[in-house]
Amino acid sequence: MADVARPTAYLNARLVDPDSGYDGPGALIVAEGAIADVAHSPRIENLSADVAIVDCAGAALVPGLIDIRVKTGEPGAEPKETLKSASRAAAAGGVASIVIQPDTDPAVDEPAVLDFILRRARDIELVHVHAAGAATRGLKGVNMAELGLMAEAGALYFTDVDQPLADSKVFRRVLSYARAFGRPVAHRPADPYLSAGAVATEGELAGRLGLSSAPAVAERIMLERDLTLAQLTGARLIVDQITTAGALESLARAKALGTDVIATASINHLSFNEVDIGDYRTFCRLDPPLRAEADRQALIEAVASGLVKVITSAHTPAPAEDKRLPFSEAAAGAVGLETLLPALLTLHHDGRCPLIDLIRTVTLAPAELLGLPGGRLRRGAPADLALCDLDAPVVIDAAKLLSKSKNSPFDGRRLQGRVLATVVDGRTIYRADRAG
Amino acid sequence: MPTITDPPDIEGLVAERMFALSGRHFISVASLNRPEAERLLDLADAFVSLSRAREKKLSLLRGRTLVNLFFESSTRTQSSFEIAAKRLGADTMNMSPGTSSVKKGETLIDTAVTLNAMKPDLLVVRHSASGAAALLSQKVGCSVINAGDGWHEHPTQALLDALTLRRAFGSVEGLVVAICGDVLHSRVARSNVGLLQLLGARVRLVGPPTLMPAGADQWGAEVFHDMRAGIAGVDVVMMLRLQLERMDGAFVPSTREYFRFFGLDAEKLSLAKPHVRVMHPGPMNRGVEIDSGVADDLDVSLIQQQVEMGVAARMAVLASLAARLDSPSLSNGVA
């Protein structure tokens, strides 16, 4: 129906647009890949005859999601996930833009690898594929990567992903250098000495299971350093995957002091707690590890209050052979592109956070953070849309995920919310089959 | 007392006490309830008599195959399982990573699935990772017995310790047992805390804070960092091996400092009850966690008995698991 050449009207929808703050009946017209008109009523009168009509039948029409923390295996580990399989998974999850993490093989620490990824993605023509660059060469935390050249080639931010930037001098230089190119730096705070070898959060459960663990304060200790260096350098810091109540306190204090900092949370840490590792469930082996329930509750509060602004899927494909191992030997991480939206909607259905605020964390907030044009239902914005039935019950079946790797901790979970269609630049790139 | 001239009595006793374990695997003491634990001990008691008889062999496991799959080397546990299986008439095979393809990149699961295809009935596994035995049990059709998984559990050790105590004191109920030393890295401690408490003992955990797992105070045991206070008035002192090979950090400043504050010597032991007995899962680091004088004092030490009880306790586990396999109503026929 919605081909690029012909304008399309999406009628009878529930528009949820964090940009205008509007959540209500609405309609919009898409023409030439962009949003041509937005109406806050279910119908648009006097449509010309050549406009294709999509009756949304009351389903929610939200900006296409923007997921700023997505790992693939391309280049270097294609059996895990390719840019194509990740793009398909994103499309099925209502995600219109993804930011690829630089811990590929070779790492994205110079412009040629970045260029390779962006060119490959362009040929796929599904979702918008962006990339982050490594902060240090080979993600080794020693020598700065070519931040300026990568910024020029399109890197949206810099990060060593899961590798802690232990050397404060290096981290300081990365922050101040990146600032000159107008790019933020992301760091996942974890004291490298306290967390060395740890696979779980220290506590009664990890002690009983006999798992090597790190105390939750390992996060806060490193975060305090990161915030202090962000203040010193004036750089914009992205706190990657904040998980603990203690770290949230530090974040709130730094923000009150005017520090330029944006914190992200992964959907996993909002959905699970340490008890979910239960009998050594490796699909729940994550990095950072799952926390106590009190931490999860504090994280949900922080999303509701706006202290944590961005939510990511932390999409980390790991094939069965990397997960079917003893807990401490299994790969960390979970796929999440296809479950991000329904899992997020749990917080809406539970009454923990207004729908429009939740949608903001995966649309407008990441768009503003990284200077992307999407994430809004505004005239002139790219026609990136996700149409979803907010209430449809779904049972997640990991085997049916489009990701090449099926390591979903949501496997078997009952969630509410189903993506009906995903539109990128006006093209419908995904449509749920009626039976599914 | 049975003598070497009347073996049929032992067989009768075994037959009388034989039962089928309710679980298909023996991975954690948490799967036991008290009546089942007591029945295991009763059965093991009968096997002690058998092991002391001239004719030690029964045919309860005839036709059954037991595989010892030891990813971590252990002379005593492996031979204990092997003797236990042979006394019950099973065929046994030992596999260790040094002689298998594990070093060629084959995973734990691959190895187990390969072994499983050879249709063993009982698979005894030791592995350095916590949870390894539980993982294996999900992938194979035979019964899995945990012979130690990382820091998690070593349930047959707890069973043999309980058997040793029951024979020495008549009952485990009401005993005060101090488990001392490197609790953090000890699967023996975790299994013993569970089983001894199930059997009605009061458990204390004694060790430096760096070797005590977080949340140990929530296991129902009392935690002490002062060994003198910890063993004051106890019936039993159970020493743990200071896992030198597992020390990837400086948990204690030196072995001599450790011995000074947490090593068991006659002077510290004098604070316990007069009838106190001392245990150690072995192998001992003499002069590190235990003084030779204490370890070798036959009036005090139960260490030799523990080794003997090990065979009997493992026979009880193997026999009751095999009885479950024999029972059509319990066996779920997974191949």
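In this predicted model, the count of salt bridges between chain B and chain A is 0. Polar contacts do occur across that boundary: 4 residue pairs, both members at pLDDT 80 or more, are counted between chain B and chain A. On the chain B side that touches chain A, helix H4 (108–117) and helix H5 (132–137) of chain B each give two or more residues. Sorted by class, this side of chain B has 9 nonpolar, 7 polar and 3 charged residues.

The contact itself involves 19 residues of chain B and 16 residues of chain A. About 1300 Å² is buried between the two chains, and carbon and sulfur atoms give 63% of that area. Which three residues supply more than any other three of the area that chain B buries against chain A? They are Ser130(B), Trp151(B) and Ala214(B), which supply 29% of it.

**Salt bridges in the whole structure**

A search over all chains finds 34 salt bridges. One salt bridge is formed by Lys71(A) and Asp162(A), whose closest N and O atoms are 2.5 Å apart. These two residues are 91 residues apart and link distant parts of the chain. Lys71(A) sits in the loop between strand E6 (65–70) and helix H1 (83–92) of chain A, while Asp162(A) sits in the loop between strand E9 (158–159) and helix H4 (168–180) of chain A. In general, side chains of opposite charge can pair when their charged atoms come close.

**Pocket and cavities**

The largest pocket has a volume of about 690 Å³. Its lining consists of 34 residues, and those nearest the centre of the pocket are Ser74(B), Arg76(B), Thr77(B), Gly282(B) and Pro283(B). Four helices of chain B give two or more residues each to this lining: helix H3 (75–87), helix H6 (155–169), helix H7 (187–198) and helix H12 (303–326). The lining of the largest pocket is made up of 9 nonpolar, 15 polar and 10 charged residues.

The whole structure also holds 6 cavities of 30 Å³ or more. The largest cavity contains about 60 Å³ of space. It is lined by 13 residues, with Val199(A), Ala200(A), Thr201(A), Ile277(A) and Leu290(A) closest to its centre. At least two lining residues come from each of strand E11 (200–201) and helix H5 (204–209) of chain A. How do the residues lining the largest cavity divide by class, and how many are nonpolar, polar and charged? There are 10 nonpolar, 1 polar and 2 charged residues in that lining.

**Backbone details in chain A**

| Peptide bond | Omega |
|---|---|
| Glu74(A) to Pro75(A), cis | near 5 degrees |
| Asp105(A) to Pro106(A), cis | about 5 degrees |

Pro106(A) is in the loop between strand E7 (95–100) and helix H2 (111–124) of chain A.

Another backbone detail concerns Ala57(A), which is not a glycine but has a positive phi of about 50 degrees. Where in chain A is Ala57(A) found? Its place is in the loop between strand E4 (52–55) and strand E5 (60–63).

Notes. Residues are numbered from 1 along each chain as its sequence is written. Chains are lettered from A and ligands numbered from 1 in the order in which they are written. This is a predicted model: local features need pLDDT of at least 70, side-chain atom pairs count only at pLDDT 80 or more; totals for chains, interfaces and linings use all residues. Side-chain values use heavy atoms; hydrogens and water are left out. On a 1 Å grid over the protein atoms alone, a cavity is a set of points where a 1.4 Å probe fits but cannot get out, and a pocket is an open set with protein on both sides within 12 Å along at least five of seven lines; lining residues have an atom within 4 Å of a point. Grid points are joined across faces, edges and corners, and a volume is the space filled by probe spheres set on the points. Ala, Val, Leu, Ile, Met, Phe, Trp, Tyr, Cys and Pro count as nonpolar, Asp, Glu, Lys and Arg as charged, and the others, Gly among them, as polar. Contact means heavy atoms within 4.5 Å. Buried area is the accessible area (1.4 Å probe) that two parts lose on being put together, summed over both. A salt bridge is a side-chain nitrogen of Lys or Arg within 4 Å of a carboxyl oxygen of Asp or Glu. A polar contact is a pair of N or O atoms within 3.5 Å; within protein, one must be able to donate a hydrogen and the other to accept it, and residues adjacent in sequence count only if both atoms are side-chain atoms.
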